[in-house]
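Let's take a walk through this one together. Have a look at the fold before reading on.

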Amino acid sequence: MATANLGFEEKLWSMADKLRGSMDAAEYKHVVLGLLFLKYVSDAFEEKYDSLKNEPYADPEDRDEYVAANIFWVPKDARWSHIKNNAKKPEIGQIIDQAMIDIEKENASLKGVLPKDYARPALDKTRLGEVIDLFSFKVGDEDSRSKDVLGRVYEYFLSKFASAEGKNGGEFYTPNSVVRLLVEMIEPFKGRVYDPCCGSGGMFVQSEKFVEEHQGKLGDIAVYGQESNPTTWKLCKMNLAIRGIDSNLGEYHADTFHNDLHKNLKADYILANPPFNISDWGGERLTEDARWSHGIPPAGNANYAWIQHMVNKLAPSGVAGFVLANGSMSTSTTAEFEIRSKMVNADLVDCIVTLPGQLFYSTPIPVCLWFMSKNKAPRGLRDRRGEILFIDARKMGQMVDRTHRELTLAEINKIVNTYHAWRGQSEAGTYEEIKGFCKAAKLAEVQEHEYILTPGRYVGIEDVEEDSEPFEDKMTRLTSELAEQFAKSRHLEDEIRKRLGGIGFEF
């Protein structure tokens, strides 16, 4: 996955990052991504404008032409050519702010979404002008749109900002390999897709890609999301707008627990990466909530509130896939144990996957994926009622830098095929249990293990190949190798003493 970036994202990032100077990554993120968005809408507009100019009887200033083509209307002074011509002026900040205000005024779906603080004194205007010059390549014309140039740059920048922000980066970005795994597992072909804590919208983007890769149409899925952080909510609106993804993210940012903006939604697919182990989620004010059908989640940890919120939002044959901290699989606090045991007994838990550590920017801890299903015997699939599939993928992933790991495409496919084969999808082949990797356990076995859902409990230990070398031979070989190492070490020691002695340091 790490090699999938096509070079220019990286070059662009290093150039843009140079311009950051001492500015905080969290702040700079909005400067850069806002400009990229402006460039995108302007490219798309100017390309359409030029083509209308060459058409007889067409009026390039007729906004209906743009609406019909699903292109944002960009007023004269907000077009990139105007911005670029003024990039070196000291008032460039005001010019960009005005451009953002004008675009919002002309396009209702962007109201209150675009960043408008480029004029603030703290933002170095010379640097701002240099970033504008840097973004002189095309990102919004048809050719670039078909190659998803901006989408790729946007995602690369989001991941880099997440990395730079460290702990807080996880609030708006779930690593691509994890998103891809979740999406491929639950296959959102057609229907309503929901993410109750949608960050910058990565789950929706990947779902749309999945639909397109499988010859579906962009409109086959309807996107519903909610996000409590105001700047992240705006980021998500921009991220989806540049890809032409229609979405219902509510009229504003809001807390999913205390102000559910999609009260009556029943989703066919739920994808989520909720913030882990939140202690101050206000649970004590929600003890009577109708969503807690399996028990009241503890006020000190939101994990089981997220799980129940999502189960409550599933349609009768809906499937949910989400990321949680590993503690969620085995926590024994009274409330959480009760909820987990009731959900297992209600046959809602379909599959649990443990992942390796260091996949996330925000935390090095290993995480797990939960898959919940309202209907384990749907048409066209095997009846898997009374079973839970456990997959232990802790040994997977490759380090892409000193602190981060990514799942490879082959590893993602292995996990996905195992789940799909177990579900009875013929194209995935026959399901086989692999010691140390996967096991389908009956509910009775899970009950015996006191409802602990940690895959390591069930999959066993992988068979290690027998070592054919006799013990005596092995010891002889190892001791001679060790003697050789000792000799080398003594030689080095003598050499160091000699060198030090030569410059007057005896010891």
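Start with His 262: leaving aside neighbours within four places in sequence, His 262 is in contact (heavy atoms within 4.5 Å) with Tyr 194, Tyr 224, Gly 225, Gln 226, Asn 248, Leu 249, Gly 250 and Lys 313. His 262 sits in the loop between β3 and β4, and it counts as buried because its relative accessibility is 6% (buried is under 20%, exposed over 50%, partly exposed in between, with a 1.4 Å probe and protein chains only).

A quick word on ground rules: this is a predicted model, where local features need pLDDT of at least 70, side-chain atom pairs count only at pLDDT 80 or more, and totals for chains, interfaces and linings use all residues. Residues are numbered from 1 along each chain as its sequence is written, and side-chain values use heavy atoms, with hydrogens and water left out.

Now the sheet. Nine strands make an open, mixed sheet in the order β3-β2-β1-β4-β5-β7-β6-β8-β11. Strands here are DSSP E runs of at least two residues and helices are H or I runs of at least four, numbered from the N terminus; two strands pair if DSSP finds at least two bridges between them. At the edges, β3 (247-248) and β11 (438-442) each pair on one side only. Further in, β6 (residues 349-354) and β8 (residues 387-392) run parallel, joined by four bridges; Val 353 has Ile 391 in β8 as its bridge partner.

Finally, find Leu 478 in helix α17 (residues 471-502). Leu 478 counts as partly exposed because its relative accessibility is 38%.
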